[in-house]
Amino acid sequence: MTRRIDPIRALGLAACVGAMAAAPAAMAETPLIDIYKAIHEHPELSHFEADTSARLASELRAAGYETTDHVGVYGDGARAYGVVGLMRNGKGPVLMVRADMDALPVVEETGAPYASHARGKTVAGQDVGVMHACGHDIHTSILIGLARAMAASRSRWRGTLMLVGQPSEETVDGARAMLADHLYERFARPDMIIGLHDGSDQPAGKVSLAIGAAQSGTTSIDVAIRGVGAHGAMPQMGRDPVVLAAQFITQIQTIISREEDPQDPAIITVGSIHGGTKRNIIPDEVKLQLTTRYFTDKGQETIISGIRQMAQGVAVSAGLPPEKAPIVTIVDRESAPATYNDPVLSNRVRTVLIRTLGKENVIDAKPITPSEDVGLFGLPGHQIPLAYFWLGAANPAAFEAAAAKGQTLPGPHNSKFLPDPEPTLAAGVKAMSAVATSLLQ
Ligand SMILES: [Zn+2]
Ligand SMILES: [Zn+2]
């Protein structure tokens, strides 16, 4: 069953909202740490961020932002829970700050007093435990902290601040849904975009930033290798697609080792393979699900054309007729471009981070291969410059103790990933506010 909880009641806000309607100035702000813990305890899966987005929208409204919720439309026409908060503060650039809001199908094992016990249903209808295992609760809370800080310091900046709460990052279709709902036409087209992601690979108080390539792009590809079914004891009567799939799987790794530029890293992984029903039946078809990663358009082209060519090749080598050619399908809804940190913008951001947090707390990051969809907001060809940085979330003492033993702490997507919220939120709001203030001049 999908959880259906009144967002206001679930987050203990009933009294607060009542007071706000009567006398806005008199209502005390809920401390950010309490907001974080409430969101952490009530995580919501991709496509189902009803309560989280309602909470974000109500906090942005309370902070004085022109706020719209239910922004976004998925490929199947369903509405998304995107949130946009605008603060127009005179002539100047438009800065978009993006925070993702969704949680993961993971059973939480952190043992925190505010740990999640939530269950939910995925889009596919699977009943699962739900946890903020990717730390998007930190991102959403920092966006609220930033909204408050920027509203309180309007005399120190000029332009338009556009705060975006994005749904469905983990299913890589939330940014696309918001753009499909005319995000930039309805609200504002940003001149710059910034965002952050937390992680346990750095202690709270430290950040890191890559200039240029930051995260790989990903294209999901489905391949159906077709053959001719037969009795397993009479292979000469058929064309075995299991053998063809085996050839294909080993051959496509040569795209990486022999065709792709060694200076331009790329990955092909076959994560799923299904064919056949019984040991003595040669099936008609084998289905493969691939993920691919790359940092450049050239790398993406090399991978996709190589996969198409080699799929064709195994069918031709088996003497299969054209109507039995493999079917290669690019799954757009599960694909995302590389995150490219615009060098000019990223260097400006880096300078502000160093000034704000100290040189020793700002680390140069290397590009990483996990992907996400923030790059879509930059539009094809990096039309809108983006800077995306990593925020340390580990408890500093636990981080040191683990490092002394040569160990690392559980990180994103792990059931034991637990940010140290107070210092992480403090550093995140401080860093984001300083960067936003500096860019909005
Ligand atoms: Zn994630
Ligand atoms: Zn994430």
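Reader: What should I know about the model and its numbering?
Author: The model is predicted, so local features need pLDDT of at least 70 and side-chain atom pairs count only at pLDDT 80 or more, while totals for chains, interfaces and linings use all residues. Residues are numbered from 1 along each chain as its sequence is written, with chains lettered from A and ligands numbered from 1 in the order in which they are written.

Reader: Which domains does the protein chain have, and where do their bounds come from?
Author: Domain 1 covers 29–215 + 338–439 and domain 2 covers 218–335; such bounds come from an automatic or database domain assignment. The C-alpha centres of the two domains lie 36 Å apart.

Reader: What makes residues of domain 1 and domain 2 count as in contact, and how many do?
Author: Contact requires C-beta atoms, placed from the backbone, to lie within 7 Å. Eight residues of domain 1 are in contact with six of domain 2. On the domain 1 side, these divide into four nonpolar, three polar and one charged. Here Ala, Val, Leu, Ile, Met, Phe, Trp, Tyr, Cys and Pro are nonpolar, Asp, Glu, Lys and Arg are charged, and the others, Gly among them, are polar.

Reader: How do you know whether α4 is mostly covered or mostly exposed?
Author: A residue is buried if 20 or more other C-beta atoms, again placed from the backbone, lie within 10 Å of its own, exposed if 12 or fewer, and partly exposed in between. Twelve of the 13 residues of α4 are buried, so by that definition the helix is mostly covered. Among them are D51, R55 and E59. Helix α3 (residues 32–41) has buried residues too, including L32, Y36 and H40, and their cover includes α4 (50–62), α5 (136–152) and α12 (421–439).

Reader: What span is expected for α4, and what does the helix reach?
Author: Helices are DSSP runs of H or I with at least four residues, strands are runs of E with at least two, and both are numbered from the N terminus. The expected span is 1.5 Å times one less than the number of residues. With 13 residues, α4 reaches 18 Å from its first C-alpha to its last, close to the 18 Å expected. After the helix comes G64, with a positive phi near 100°.

Reader: Why do β1 and β17 stand at the edges of their sheet?
Author: Strands pair if DSSP finds at least two bridges between them. The open sheet runs β1-β2-β6-β3-β7-β18-β8-β17, with mixed pairing. β1 (66–73) and β17 (362–364) each have a single partner strand, so one side of each is left without a neighbour in the sheet.

Reader: What makes β8 and β18 a pair?
Author: Strand β8 (residues 207–209) and strand β18 (residues 386–394) share three bridges in the antiparallel sense, so they meet the requirement of at least two. S208 stands opposite W390 in β18. α4 packs on this sheet, touching β1, β2 (79–89) and β6 (159–166), and makes about 10° with the direction of β2. Such angles run from 0 to 180 degrees between N-to-C directions, with axes fitted to C-alpha atoms, for helices over the stretch in contact.

Reader: Which strands form the open sheet of four, and what joins β10 to β15?
Author: The order is β12-β14-β10-β15, with antiparallel pairing. Six bridges join β10 (residues 217–226) to β15, where V331 is the bridge partner of S220. Helix α8 (residues 241–259) packs on the sheet, making about 170° with β12, and helix α9 (residues 297–317) packs on it at about 5° to β10.

Methods: Two residues are in contact if their C-beta atoms, placed from the backbone, lie within 7 Å.
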